Amino acid sequence: MEIQSQFSLKNHNTFGIEAKAKQFVAVHSIDELKKVLEENKNQAKFILGGGSNMLLTKDIDALVIHIDLKGKKIVDEDDDFVWVESQAGETWHDFVLWTIEQDFGGLENMSLIPGNVGTTPVQNIGAYGTEIKDTFVSCQAMNIETQAIRTFTHAECNFGYRESIFKHEVKDQYIITSVTYKLTKRNHKINTSYGDITAELAKNNITNPKLKDVSNAVIAIRQSKLPDPKELGNSGSFFKNPILLKSDFEKIHQKFPEMKYYDVSETEVKVPAGWLIEQAGFKGKRFGDAGIHKNQALVLVNYGNATGQEILAISKDIQKTVFEKFGIHIEAEVNVI
């Protein structure tokens, strides 16, 4: 465990942005994490996971602590369910594939989401009709100030749409070290409610899909729409899908009857941000080395040497144009640093 100075973070963020950490250290165990926190009490700290949900717009004038805790295990099970604990540094997609290999159900719709396990509760990540909150049981987290380990239950996490307690009440106070999920061992609830999944399964003549079939369908869909960060820098969906009161949406819908939407509750609807951005004319546009992906308007990309500031400027232009055209504010899902 070595602390390095002026460390390049280009390979530690999926946008591939060149930025430097004043100091950098990777920790591989709870003991190492505790030691680093104890020995650097008075120093500014920045906690880094998979680097998949952030846009670096400047150098990090702090000690960057990369959470590289590995391991997964079954902590409990009965005839119907299994409780699996994964360390925070496990790659999310690899962990999902492992659960499917064990025939554990619940995470298959979230295949190929970039990032590490430890950040999944922070964002309450989700895709194709499922969210982390559907399978999340608890997580272990270390208090940055005291190094005490605390368990956060499902109820304590205050999950919302891409929201949790870790983005608000206890932000910058804890480091998630492991997460426990409750998955099915039989009678899996196969969720193919999204049209894209149904179409992909039909294309492959699958009428009675298994967990692996759903995962493969999701992977195929994501690969067709989303660029691989290893080949083209990006952070997945840059914006959240806005949720509007039905009373407000109805007025907008009268002006734009072709606008797509999904019911969220009796009083709210969700509008696809990608549709709004595409209608505003941004899909596929490029500004130097920064741009909007040609297949998915939700994804901002780095074609090579874009700076975080250049990508941020594009995102602000998108937000301004969408608001002027539709009267809808779209909020960034990515954390801007």
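Trainee: Where is Ser237 placed?
Mentor: This is a predicted model. In it, Ser237 sits in the loop between strand S13 (233–234) and strand S14 (243–245).

Trainee: Is Ser237 buried, exposed or partly exposed?
Mentor: Ser237 is partly exposed. Its relative accessible area is 26%.

Trainee: What does Ser237 touch, not counting residues up to four places away in sequence?
Mentor: Leu298, Val299, Glu333 and Val334.

Trainee: Let's go to Glu333. Where does Glu333 lie?
Mentor: In the loop between helix H8 (308–326) and strand S20 (335–336).

Trainee: Why is Glu333 called buried?
Mentor: Because its relative accessible area is 13%, and buried means under 20%.

Trainee: And which residues is Glu333 in contact with, leaving aside neighbours within four places in sequence?
Mentor: Asn53, Gln123, Arg162, Ser237, Phe238, Phe239 and Lys240.

Trainee: Which residues does the UniProt annotation "active site" cover?
Mentor: That annotation, from an unreviewed entry, covers Arg162, Ser237 and Glu333. They are spread over 172 residues of sequence, yet they cluster in space. The largest C-alpha distance is 11.5 Å.

Trainee: New topic. Which strand does Thr130 lie in?
Mentor: Strand S9, residues 130–131.

Trainee: Is Thr130 buried or exposed?
Mentor: Thr130 is buried, with a relative accessible area of 13%.

Trainee: What does Thr130 touch, again not counting residues up to four places away in sequence?
Mentor: Thr130 touches Asn109, Met110, Ile125 and Asn191.

Technical notes
Residues numbered from 1 in each chain as written. Predicted model: local features only at pLDDT ≥ 70, side-chain atom pairs only at ≥ 80, totals over all residues. Heavy atoms only, no water. Helix = DSSP H or I, 4+ residues; strand = E, 2+ residues; numbered from the N terminus. Buried < 20%, exposed > 50% of the residue type's maximum accessible area, 1.4 Å probe, protein only. Contact = heavy atoms within 4.5 Å. UniProt positions renumbered as here; feature names shortened; annotations may be inferred.
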